[in-house]
Amino acid sequence: MARILVVGGGAAGMMAAAVAAKKGHEVLLFEQNEKLGKKLYITGKGRCNLTNACDREELYKNVVTNPRFLYSAFAKFSNQETIAYFNSIGLATKIERGGRVFPVSDHSSDVIRVLGQELKRRGVKVLLGTKVKEIMDDNGCFALLVTEDEKKYFGDACILATGGLSYPTTGATGDGYRFASQLGHHVTELFPSLVSFKLKEPFPAELEGLSLKNIRVHLVADLWYGEEKSEIGQQGKKAGSKKKKRRPGEILFEDFGELVFTGTGISGPVVLSASSYAAPLFAECAMSFHIDLKPALSIDQLDARILRDFDEAKNKCLKNALDHLLPQKLIRVIIERSGISPDRQAGAIKKGERRQLAGLLKDLYFPVQACGGYAEAVITKGGIDVGEINPSTMESRLVKGIYFAGEVLDVDALTGGFNLQVAWSSGYLAGLSAAGKDFPVRNGILENEQK
Ligand SMILES: Cc1cc2nc3c(=O)[nH]c(=O)nc-3n(C[C@H](O)[C@H](O)[C@H](O)COP(=O)(O)OP(=O)(O)OC[C@H]3O[C@@H](n4cnc5c(N)ncnc54)[C@H](O)[C@@H]3O)c2cc1C
């Protein structure tokens, strides 16, 4: 029997520990918080969207960064196997809109509870309130951990599942990146992702709280102008960066769905998805967010529709003649952008002006200032370079006996249960591989724990 050390009691770490222990090894799970799964608890607005019931192709499509790295992990432990696994350890699940899988109880605490019970059943020793400070390796196959109280723990293998930087209040300290770097690994540039956008001033404050459904959106590369050029760099890189610049007008992302205006910008599903692609691009170009409010209508159809509305309300002011087409909060914004007086009679609006209004409804755009920060980001984009990790085992190619799982990896996915699936699959494979390793005989060194 070998001893396997797992650092991080989140989704990936708990899965890895449970799987390794099931294979009969002694497993120690280190978690700095006073309880397991602090981030899991807040997932899915407290309901935990633990995976997605989509087919294999969709699963890969929803992984934004390095999906190919996950071939083995998903093959060993797919989303369907995840559902079956949770059902087998006592969690009843249900499938909702878009294939999102939740516990029937709607309580993320139940996901944590069944995982905790499984760890207990498999004899995993859970060390809560135990922060790992340093990880050392001895001859590339032996991991040594030093905790806050200076106690050392020895093991034959070590699984790093320390998560990323997003939502630091859950224990996301980025320690894993430091440990990996100290072990010789390269960590790619890190960005907050699945996060809102801040829009440039002046931003129409009355839009706050407005939710738009069934819209088409485009994120478009813009030119950098004078002063603006240096502002754009604030997401991490200065505007003078040597990275390739984007052609103005280039479409960086497009989607269909729902967004919501916040106090400083925009959020909601299509914005979070856009951020997954946009975060690294702030160093390459300015950007604006374009909204087609009427994607089902061509500009001619929309013009005809506006004409009809204006005919029916010909004696009303323009500001009172658009309420069949637009939410109240948007009417002033659209009219102001058109330059037409809001007090003109609808019947007196000329054809060219009407076309202009239709154009604004088809392409209402806002220059983007930046992405929100880690405090509100669902996930960290970037992480430990997957080129240095064996995708069939999750073992480091540089330090034998070290494994990685979860958000600490340079892998990120869209919303819908996909990020947790990455954590479960990579955690499962890391735990299984560590447990299946041929361990050298250690001559009692494991008894040698020191204070
Ligand atoms: C608000 C929010 C909602 C989300 N909702 C969903 C959702 O519904 N579906 C979905 O798929 N994804 C969701 N996610 C993403 C998902 O939570 C993460 O992908 C997932 O938790 C990553 O798991 P992990 O185990 O890699 O990291 P974590 O869950 O962050 O776990 C890492 C653990 O390591 C511990 N740790 C770190 N450093 C040390 C150290 N030095 N010593 C000891 N312990 C350490 C931390 O305390 C932490 O408990 C959400 C994220 C957020 C922020």
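Okay, one bit of housekeeping before the helices: when I talk about an axis, I mean a line fitted to C-alpha atoms, for helices over the stretch in contact, and the angles run from 0 to 180 degrees between N-to-C directions. Keep in mind, too, that what you're looking at is a predicted model.

So, start with α1. Its axis and that of helix α6, residues 108–121, come within 9 Å and cross at roughly 30°. Angles under 35 degrees count as roughly parallel, so α1 is roughly parallel to α6. The crossing of these two is left-handed.

Who's touching whom there? From α1 you've got Met 14, Ala 17 and Ala 18, and they meet Leu 115, Glu 118 and Leu 119 of α6. Sorted by class, that contact between α1 and α6 has five nonpolar residues, no polar ones and one charged.

Now look at α1 against α13. Here the axes come within 7 Å, again crossing at roughly 30°, but this crossing is right-handed. By class, the contact of α1 with α13 has 16 nonpolar residues, four polar and no charged.

Next, the ligand. Which residues are closest to it? Those are Gly 8, Gly 10, Gly 163, Gly 171 and Gly 406, out of 40 residues surrounding the ligand. As for its make-up, the shell has 16 nonpolar, 18 polar and six charged residues.

Zooming out, the chain is divided into three domains: domain 1 is 3–191 plus 379–447, domain 2 is 193–295 plus 365–371, and domain 3 is 305–362. The C-alpha centres of domain 1 and domain 3 are 54 Å apart.

Last stop, one more helix pair: α11, residues 328–338, and α12, residues 351–362. They pack at about 125°, with axes 10 Å apart. That makes α11 oblique to α12, and the crossing is right-handed. Ile 334, Arg 337 and Ser 338 of α11 meet Glu 353, Gln 356, Leu 357, Leu 360 and Leu 361 of α12. That contact splits into four nonpolar, two polar and two charged residues.

Okay, that's my tour.

Definitions and conventions. Residues are numbered from 1 along each chain as its sequence is written. This is a predicted model: local features need pLDDT of at least 70, side-chain atom pairs count only at pLDDT 80 or more; totals for chains, interfaces and linings use all residues. Domain bounds come from an automatic or database domain assignment. A residue is near a molecule or strand if its C-beta atom, placed from the backbone, lies within 6 Å of it. Ala, Val, Leu, Ile, Met, Phe, Trp, Tyr, Cys and Pro count as nonpolar, Asp, Glu, Lys and Arg as charged, and the others, Gly among them, as polar. Helices (H or I, at least four residues) and strands (E, at least two) are DSSP runs, numbered from the N terminus. Angles under 35 degrees count as roughly parallel, over 145 as roughly antiparallel, 65 to 115 as roughly perpendicular and the rest as oblique. A crossing is left-handed if the near helix is turned anticlockwise from the far one by less than a right angle, and right-handed if clockwise. Two residues are in contact if their C-beta atoms, placed from the backbone, lie within 7 Å.
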